[in-house]
Amino acid sequence: IFQSSTAIQARGPVGYDDEYFRRKRMSFRGRGTGLFSNLSVQKVLVLVNMIFFLLQLLSAANYAPVLSVILSRSNASGAVSLKGSLLAKRMVVGDSALTVMGRSQGSMPLIVASSVGAFTMDFAHQTALSSIQPHRLITSGFLHGSLLHLAFNMRYLWTIPRFVEEGLGWPLYLSTYLASVVAGNLAHSSVASSGPAALGLCLGASGGICGMQGLMFVLLNRMGNKTASMSIFKNMIWLIIFGSLTPGISNAGHVGGFIAGALVGWLFGP
């Protein structure tokens with residue numbers, strides 16, 4: 001699970017009044033002209049993430065009868081009856097998922113059913129499946145493992161300074177975010193390519209958020225605002241330390257997202 005900590009923060013429009021950025025930003029705003037010129041991708045991303053989490057809860061609740069049947073067939077002690085509200089509650093608080101494992105014809109273990117519901121299972125990133133279902137590399141960035149996970153990530157996404165989107169235009173902003181989500185998932189797969197780790201669900205928006213931090217790191221450096229850029233870099237170091245001490249967090253996903261965002265900024269930024 002990509003999970004953010006208080007290490008990722010970008011409060012206030014740091015460097016917004018920089019003469020360098022003021023001169024450059026107008027040429028990039030042209031990329032977002034037309035029908036969507038006043039669109040706030042930042043707000044749209046927050047809204048989409050919240051909608052996805054609601055769909056996750058509904059899917060988990062609706063999956064209770066199916067999971068009950070599967071568990072009953074695999075349980076020697078008799079029938080199992082699960083309530084939809086119980087499964088939805090488990091997702092809200094972030095409890096470990098109830099999972100039924102099976103094996104494919106090649107003896108590879110696979111998740112047959114899970115209490116997180118069909119929606120999460122169909123769109124979360126899994127190293128073992130994303131190679132044949134590449135949509136997971138993007139859609140997993142809009143899923144979350146708990147309400148707290150969602151709240152943390154949306155708070156930090158919301159506090160990304162407005163000058164980033166206003167200065168660069170929404171197309172580059174959105175492209176950076178999505179590219180960083182994909183890069184974070186690929187980085188996670190590179191360190192979870194086999195064994196149980198390849199079957200684990202990887203989800204969360206923090207790959208994209210770290211990508212936006214990488215983008216700002218490069219832009220602030222070009223502005224000459226070394227203090228602000230180093231602050232972002234130090235925040236990433238603290239996030240890596242936090243991820244190393246906390247189970248269930250993909251440091252590879254965070255670092256991969258940051259590098260992707262920095263690369264986009266270096267190639268396409270002002």
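Accessible areas here come from the Shrake-Rupley method with a 1.4 Å probe, and for residues only the protein chains shown count as cover. On that basis, the protein chain has an accessible surface of about 12,800 Å², with 65% of it belonging to carbon and sulfur atoms. The model is predicted, so local features need pLDDT of at least 70 and side-chain atom pairs count only at pLDDT 80 or more, while totals for chains, interfaces and linings use all residues. Residues are numbered from 1 along each chain as its sequence is written, and side-chain values use heavy atoms, with hydrogens and water left out.

Let us begin with the overall fold. The protein chain holds 13 helices and two strands; these are DSSP runs numbered from the N terminus, with helices being H or I over at least four residues and strands being E over at least two. Of its 270 residues, 48% count as buried, where buried means under 20% relative accessible area, exposed means over 50%, and partly exposed lies in between (1.4 Å probe, protein chains only). A contact means heavy atoms within 4.5 Å. Among contacts in the protein chain with a separation of 6 or more, 76% join residues 24 or more positions apart.

Now for the interior. In soluble globular proteins, nonpolar side chains tend to be buried together. A nonpolar core is a set of buried Ala, Val, Leu, Ile, Met, Phe, Trp, Tyr and Cys residues joined through side-chain atoms within 4.5 Å. The largest such core in this model has 44 residues, and the members touching the most others are Leu 157, Val 164, Tyr 173 and Tyr 177. Helices that each supply at least two residues of this core include α2 (41-62), α8 (147-158), α9 (162-168), α10 (170-191) and α11 (206-223). The largest share, ten residues, comes from α11. A second, separate core has nine residues, among them Tyr 63, Leu 67, Leu 71 and Ala 113.

Leaving aside neighbours within four places in sequence, Met 212 is in contact with Ile 160, Val 164, Tyr 173, Thr 176 and Tyr 177. Met 212 and Val 164 are 48 residues apart in sequence, yet their C-alpha atoms are 8.7 Å apart in space. Leu 215, also placed in α11, counts as buried at 0% relative accessibility. With neighbours up to four places away again set aside, the contacts of Leu 215 are Val 164, Leu 168, Thr 176, Gly 261, Ala 262 and Gly 265.

Next, look at how α2 meets α10. Two packed helices are described by the angle between their axes and the distance between the axes. Axes are lines fitted to C-alpha atoms, for helices over the stretch in contact, and angles run from 0 to 180 degrees between N-to-C directions. The axes of α2 and α10 come within 10 Å and cross at roughly 40°. These two helices are therefore oblique to each other, since angles under 35 degrees count as roughly parallel, over 145 as roughly antiparallel, 65 to 115 as roughly perpendicular and the rest as oblique. Val 41, Gln 42, Leu 45 and Asn 49 in α2 meet Trp 170, Tyr 173, Leu 174 and Tyr 177 in α10.

Finally, two stops elsewhere in the chain. Leu 87 sits in helix α4 (residues 84-93) and counts as buried at 1% relative accessibility. Not counting residues up to four places away in sequence, Leu 87 touches Ala 60, Tyr 63, Ala 64, Leu 67, Leu 82, Leu 98 and Ser 115. Ala 124 is found in the loop between α5 and α6 (127-130), and this loop residue is buried, with a relative accessible area of 0%. Its contacts, under the four-place exclusion, are Arg 136, Ser 140, Leu 143, Leu 201, Cys 202 and Leu 203.
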